[in-house]
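This note is intended for a colleague who is meeting the structure for the first time. The points below take up the core, the helix packing and the salt bridges in turn.

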Amino acid sequence: METRSQARNELETELTRHHQASFGWALSCCQGDEAEAADVLQDAYLKLLDGRARFEGRSSLRTFLFGVIRRTAQERRRKRRLRRAAAWAAGGDSRIGEDPSQAILRSVESARVATALGRLSSRQRQVLHLVFYQDMTIEEAATVMGTSVGTARTHYERGKKRLRTMLGPDEPRW
């Protein structure tokens, strides 16, 4: 019989193993804001470690973890919007709580791709990130996104088509 501390140690080991990919996904969920992504990831880890989010084995741990990260990022955005709305209603600055734009890109080409990805719908951007950057199948991406496989596939195909149009013929065809 596994003790609670053994289970926690195993979970911590798995979180460490998936940390780099998890941060990449958190960064995508936070539109490239590294500080926000780090906060989201920390909140997601705490949810897992304190039991507010429980892995029940209905998917891979990685897929479950990415879902927790996505929902945590959504919760933080919703809270930030509510704070801004409350500040605006109280006559304060409507920019309170906004994250500064942090476009840290290594090359002109990556900036072009990042710009094009930013023009995609949130769902298209998410499914492309999961498939291309996290090496997930469309089925796994659908699970992370909380949508059907058909819907994920539609966003995937439309996102690729739109990227091809925005980037032009010289770019790689996904």
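1. A nonpolar core is understood here as a set of buried Ala, Val, Leu, Ile, Met, Phe, Trp, Tyr and Cys residues that are joined through side-chain atoms within 4.5 Å. The model under discussion is a predicted one. Its largest nonpolar core holds 38 residues, and the members that touch the most others are Leu48, Phe66, Ile69, Val127 and Leu130. Two or more residues are given to this core by each of α1 (4-17), α2 (19-29), α3 (34-49), α4 (61-89), α5 (108-118), α6 (122-133), α7 (138-145) and α8 (149-167). The largest share, seven residues, is that of α4.

2. Phe66 deserves a separate look. Which residues does Phe66 contact, leaving aside its neighbours within four places in sequence? They are Ala21, Ser22, Trp25, Leu130, Gln134, Met136 and Val144. Of these, Leu130 is also named among the core members that touch the most others, as is Phe66 itself.

3. The packing of α6 against α8 may be considered next. On the α6 side the contact involves Arg123, Gln124, Val127, Leu128, Val131 and Phe132, while α8 contributes Ala152, His155, Tyr156, Arg158, Gly159, Lys160, Arg162 and Leu163. Sorted by class, this contact comprises seven nonpolar, three polar and four charged residues. Val127, which takes part in it, is one of the core members with the most contacts to other members.

4. α8 also packs against α7. Here the angle is about 105° and the axes are 8 Å apart, which makes α7 roughly perpendicular to α8. Ile138, Glu139 and Ala142 of α7 meet Val149, Ala152, Arg153 and Tyr156 of α8. By class, the contact has five nonpolar and two charged residues, with no polar ones.

5. Ten salt bridges are found in the whole structure. One of them pairs Asp39 with Arg76, the closest N and O atoms being 3.5 Å apart. This pair links distant parts of the chain, since Asp39 belongs to helix α3 and Arg76 to helix α4, 37 residues apart. Asp39 is partly exposed, at 33% relative accessible area, and Arg76 is likewise partly exposed, at 23%.

6. Arg76 has a further partner in Asp43, with an N to O distance of 2.8 Å. Again the pair joins distant parts of the chain: Arg76 is in helix α4 and Asp43 in helix α3, 33 residues apart. Asp43 counts as partly exposed, at 25% relative accessibility. Salt bridges that share partners join Glu36, Asp39, Asp43 and Arg76 into one network.

7. Another salt bridge is formed by Arg58 and Glu56, whose closest N and O atoms are 2.7 Å apart. Are these two residues buried or exposed? Both Arg58 and Glu56 are exposed.

8. A last point concerns Ala7, which is placed in helix α1. With a relative accessible area of 31%, Ala7 is partly exposed. Ala7 and Leu49 are separated by 42 residues in sequence, and their C-alpha atoms lie 9.9 Å apart in space.

Notes: Residues numbered from 1 in each chain as written. Predicted model: local features only at pLDDT ≥ 70, side-chain atom pairs only at ≥ 80, totals over all residues. Heavy atoms only, no water. Buried < 20%, exposed > 50% of the residue type's maximum accessible area, 1.4 Å probe, protein only. Helix = DSSP H or I, 4+ residues; strand = E, 2+ residues; numbered from the N terminus. Contact = heavy atoms within 4.5 Å. Nonpolar A, V, L, I, M, F, W, Y, C, P; charged D, E, K, R; others polar. Salt bridge = Lys/Arg side-chain N within 4 Å of Asp/Glu carboxyl O. Axes fitted to C-alpha atoms, helices over the stretch in contact; angles between N-to-C directions. Parallel < 35°, antiparallel > 145°, perpendicular 65-115°, else oblique.
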